[in-house]
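Let's take a look at a protein chain together. Have the sequence and the model open while you read.

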Amino acid sequence: LAYAILIMSDGSKKVAESEIASGEAGAEKPGLKGLPLARIKTIMKSSPDAATISQEATIVVARATESFISLLAKEALPPCEGRKPNLEYKELAELVATKSNLRFLSDIIPKKVKAKDYLASLNSHERLQ
């Protein structure tokens with residue numbers, strides 16, 4: 001078993017448990033449906049601080065990432081009564097802008113601004129100087 005500590009959106013901590021199955025490095029494991037382990041390991045190896053990365057560490061990071069993405073989507077998803085849930089970019093951007101614990105994503109998921117609105121704000125800012 002592998003364990004990861006997840007920090008929830010409300011600041012609480014949760015321990016995630018993942019059973020590690022034997023197999024080759026890039027093979028998908030039960031429960032890991034969306035994220036390719038080989039790609040995650042490549043990303044982890046790109047860090048100069050990482051000398052070696054175990055298969056268990058890759059699985060735990062994949063599992064924590066899946067949990068984070070799931071929680072992010074659930075928080076951003078608007079209530080849908082009688083229709084299929086549909087998550088849009090603007091809802092993710094709004095969540096990132098309003099939650100202080102998600103502000104680290106503000107450069108990756110910024111609010112969209114129309115070009116004319118940006119140019120108008122830029123022109124008004126130049127006039128003030």
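## Rings and a charge

Phe104 is exposed, at 55% relative accessible area; here exposed means over 50%, buried under 20% and partly exposed in between, with a 1.4 Å probe and protein chains only. Before going on, note that this is a predicted model, where local features need pLDDT of at least 70, side-chain atom pairs count only at pLDDT 80 or more, and totals for chains, interfaces and linings use all residues. Residues are numbered from 1 along each chain as its sequence is written, and side-chain values use heavy atoms, leaving out hydrogens and water.

Which residue does Phe104 form an aromatic pair with? The partner is Phe68, and the pair is tilted. Rings of Phe, Tyr and Trp (its six-membered ring) pair if their centres lie within 6.5 Å; planes under 30 degrees apart are stacked, over 60 edge-to-face, and the rest tilted. Phe68 sits in helix 2 (residues 55-76) and Phe104 in the loop between helix 3 (89-98) and helix 4 (115-128), 36 residues apart. Helices here are DSSP runs (H or I) of at least four residues, strands (E) of at least two, numbered from the N terminus.

| Residue | Relative accessible area | Class |
|---|---|---|
| Phe68 | 34% | partly exposed |
| Phe104 | 55% | exposed |

There's a charge over a ring too: the charged end of Lys112 sits 5.0 Å from the centre of the Tyr89 ring. The rule asks for NZ of Lys or CZ of Arg within 6 Å of the ring centre and within 35 degrees of the ring normal.

Zooming out, the chain has 4 helices and 2 strands, in the order β-β-α-α-α-α. Of its 129 residues, 22% are buried.
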